[in-house]
Each structure stands twice: as C-alpha cells, then as structure tokens.
Amino acid sequence: MYAGSCLCGEIAYTISACAENASHCYCTMCQKQHGAASGSYINVASAAFRYTAGEALVVAYESSPGVTRCFCKRCGSTLTWQMAQHNGRIAVTLGTLDTPFEGEVTREIHPENKPRWTPRAK
C-alpha cells in the first residue's frame, strides 16, 4: 500500500494495489504541468486509488480530448492523470508519494522531447 499527499498536505490519498509501469514522460504537456523536464508516474488500477482527505480541493483539467489531469487548487501539486479510453487505470505522480517507491522507472515516454539541459545516459 502507498500513501501520498500534495505539497500543502490538505489532499491525501492511498493506493491499495501494486504499482505498474513507472515512467518519466517528456511530452510537452507533462513538462508544462510539472515545470520540469518530465512528469514521473506510476500506473495503478483506478479502483485501488482513493482520496482520504481534501477531495474537495482536487481540480480536474481536460488537457486534451479524453485526458484529465488533477491537481490541488490550493498548492498546485500535480496528482494524477487519466485517459478516458483507459478508465480502469490511473497514473499517479511519483513525487507526491509519502511512502517510498522501491520500484524502478522502466519507461521513458516521448524521449524525443527530452530537453538538452537534462542529463543524458552514458
């Protein structure tokens, strides 16, 4: 089980299933949403993700048709994104986990958009 929260601590959540497909996404939407080179996520079953506090502070934004990104309206922390066509799965931001993630990031998505200022594999 994993637990997580936003920066201000008003929103909290739990994940009650195994995380799959940890990834760094370098698409321009993730870069803008995170203000960083990539967004880092784990993929879990939607039924295993539950807000335990502050759900009224969660704002949903449809960033493109069928893609919804959620964040805290108080502190701006990016929490999740979900595709309508995969409504049984949800991507949760690794940076909001309070429970250490012991897995490995196994995928880089849209590496062609990786900024030149980020470290390159040697």
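Arg 74 and Glu 10 meet side chain to side chain in a salt bridge, at 3.6 Å from N to O. (A salt bridge here is a side-chain nitrogen of Lys or Arg within 4 Å of a carboxyl oxygen of Asp or Glu.) The pair ties together distant parts of the chain, 64 residues apart. Keep in mind that this is a predicted model, where local features need pLDDT of at least 70, side-chain atom pairs count only at pLDDT 80 or more, and totals for chains, interfaces and linings use all residues. Residues are numbered from 1 along each chain as its sequence is written, and side-chain values use heavy atoms, with hydrogens and water left out.

**Salt bridges**

- Arg 74 sits in the loop between E7 and strand E8 (78–83), while Glu 10 sits in the loop between E1 and E2. (Strands are DSSP runs of E with at least two residues, numbered from the N terminus.)
- How open are the two partners? Arg 74 is exposed, with a relative accessible area of 55%, and Glu 10 is partly exposed at 37%. (Buried means under 20% relative accessible area, exposed means over 50%, and partly exposed lies in between, using a 1.4 Å probe and protein chains only.)
- The count comes to two salt bridges, and Glu 108 with Lys 114 make one of them, their closest N and O atoms being 3.4 Å apart.
- In that pair, Glu 108 is partly exposed at 40%, whereas Lys 114 is buried at 15%.
- As a general idea, side chains of opposite charge can pair when their charged atoms come close.

**The three-stranded sheet**

- Three strands line up in the order E1-E2-E5 as an open sheet with antiparallel pairing. (Two strands pair if DSSP finds at least two bridges between them.)
- Strand E1 (2–5) and strand E5 (49–53) are the edges, each pairing on one side only.
- Neighbouring strands in this sheet are turned by 25° against each other on average, direction ignored. (Axes are lines fitted to C-alpha atoms, and angles run from 0 to 180 degrees between N-to-C directions.)
- E1 and strand E2 (residues 12–15) run antiparallel and are joined by four bridges.
- Across that pairing, Ala 3 stands opposite Thr 14, and Ser 5 has Ala 12 as its bridge partner.
- The E1–E2 hairpin has six residues between its strands, and Gly 9 takes a positive phi near 85° there.

**Nonpolar cores**

- Which residues touch the most other members of the largest nonpolar core, a set of 18 residues? They are Ile 15, Ile 42, Phe 49 and Val 92. (A nonpolar core is a set of buried Ala, Val, Leu, Ile, Met, Phe, Trp, Tyr and Cys residues joined through side-chain atoms within 4.5 Å.)
- E2, strand E4 (39–45), E5, strand E7 (67–72) and strand E9 (89–93) each give two or more residues to this core.
- Leaving out residues up to four places away in sequence, Ile 15 touches Met 1, Tyr 2, Ile 42, Val 44, Ala 48, Phe 49, Val 92 and Leu 97. (Contact means heavy atoms within 4.5 Å.)
- There's also a second, separate core of five residues, including Cys 25, Cys 27, Cys 30 and Tyr 41.

**Cysteines**

- How many disulfides turn up here? The count comes to zero. (A disulfide is a pair of cysteine sulfur atoms within 2.5 Å.)
- Cys 6 is in no disulfide, and its nearest cysteine sulfur, that of Cys 8, is 3.6 Å away; Cys 6 counts as buried at 5% relative accessibility.
- Cys 25 is in no disulfide either, with the sulfur of Cys 27 the nearest at 3.6 Å; Cys 25 counts as buried at 8%.
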